[in-house]
Amino acid sequence: MKKIRSKSRRKTPWSDMPEATALQAFIDESNQDNYHRKHPVISDTGEVGLLNSLEVQECRHCRSPAIQRFGFTPNGVRRFRCKDCVRTFNALANTIFDSHKLPLTEWLDFLLSIFGYGSFSLTSKSNRNAYTTTRYWMEKVFLVLREYQGTLVLSGEVELDETFYKVRNSDIKRRDDGKEYRGLSRNQICIGIACDQSSDICFVEGEGKPTKQGTLDTFASHIKPESTMRHDMEQAHGPLVEALRLRSIVYDSRQIKQLPDSENPLNRINQYCRMLKLFLASHSGFIRYDLQDYLNLFCFVMNHPKDKHEKVEKFMGMAVDCRVLHRYRG
């Protein structure tokens with residue numbers, strides 16, 4: 001990942017300038033006040049009380065249940081000691097918040113922005129964070145959500161379709177004559193997307209047109225057998241329908257695309273595809289290797305709960321329970 005240098009959002013051109021005019025000093029002071037409101041110290045928030053209220057049942061290092069209370073950190077956060085591995089820890093050890101220096105209140109604003117389709121640049125500016133901080137935190141979000149879709153299973157009336165996302169310009173593959181491959185070629189990444197009445201799932205299937213084996217491998221564990229599946233005439237869906245004994249309702253996409261949305265039988269999956277394109281467009285330029293991480297985030301944003309604050313609560317709970325440590329910062 002390319003390192004991006006950015007100016008401090010704490011300073012203005014007149015910071016620490018004794019000969020600043022009254023207007024310049026006023027702008028600088030207002031900027032400083034806004035910055036400190038966005039970045040309070042941990043002791044000025046309710047974080048300590050929150051952390052000390054969390055139940056800790058096992059060692060955060062070796063998972064042994066033989067733990068005991070072991071005093072407090074300088075910030076007043078309760079510590080524990082494992083009788084087996086003899087290591088000390090607190091409620092956030094070995095999570096994405098391990099050894100954090102910024103208060104968790106900053107994560108709340110960050111997550112509200114991300115769950116509202118905010119781009120990295122917009123989010124970093126709004127929260128007065130450096131771009132590198134935002135990118136680093138996004139990597140942590142991706143780690144927490146990496147297994148999110150693993151347990152999602154659609155049922156009832158399921159709709160299935162594919163959408164395509166182009167590789168980055170630097171990765172475009174060309175023919176021997178130098179011209180770009182046309183149509184659904186290796187320069188188009190196939191994304192399989194499915195939904196039922198309440199949830200959606202989407203996965204990278206590969207490059208170019210979907211394959212029968214690829215569609216089967218992608219969705220076989222995510223659709224309940226004997227459900228009803230509405231889809232177009234894509235032949236790659238056949239083995240999936242057969243393997244799960246699905247009731248297949250097939251539509252000719254060339255005919256139904258002429259219908260208004262209210263009459264289109266595949267309108268729900270079409271809307272998900274449109275929303276996914278808008279979501280990816282707000283993060284354009286990302287490395288396509290990370291595409292599945294963005295799809296996991298998209299599904300988390302689109303699925304229940306719909307209220308963003310409830311979504312933040314769900315994510316924070318997942319993050320505290322998720323044993324993943326990420327300290328590298330590019």
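Modeller: Let's start with a rule: two strands count as paired if DSSP finds at least two bridges between them. Strands (E, at least two residues) are themselves DSSP runs, numbered from the N terminus. This is a predicted model, where local features need pLDDT of at least 70 and side-chain atom pairs count only at pLDDT 80 or more, while totals for chains, interfaces and linings use all residues. Residues are numbered from 1 along each chain as its sequence is written, and side-chain values use heavy atoms, leaving out hydrogens and water.

Colleague: How do you know that β2 and β3 pair?

Modeller: They share 2 bridges, in the antiparallel sense, and the rule asks for at least two, so they pair. Across from R81 you will find T88 in β3.

Colleague: Why is S199 called buried?

Modeller: Its relative accessible area is 18%. Buried means under 20% (exposed is over 50%, partly exposed in between, with a 1.4 Å probe and protein chains only), so S199 is buried.

Colleague: Which residues does S199 touch?

Modeller: Contact means heavy atoms within 4.5 Å. Leaving aside residues up to four places away in sequence, S199 touches L154, A194, Y272 and N303. You can find S199 in the loop between β5 (188-195) and β6 (200-207).

Note on methods:
Helix = DSSP H or I, 4+ residues; strand = E, 2+ residues; numbered from the N terminus.
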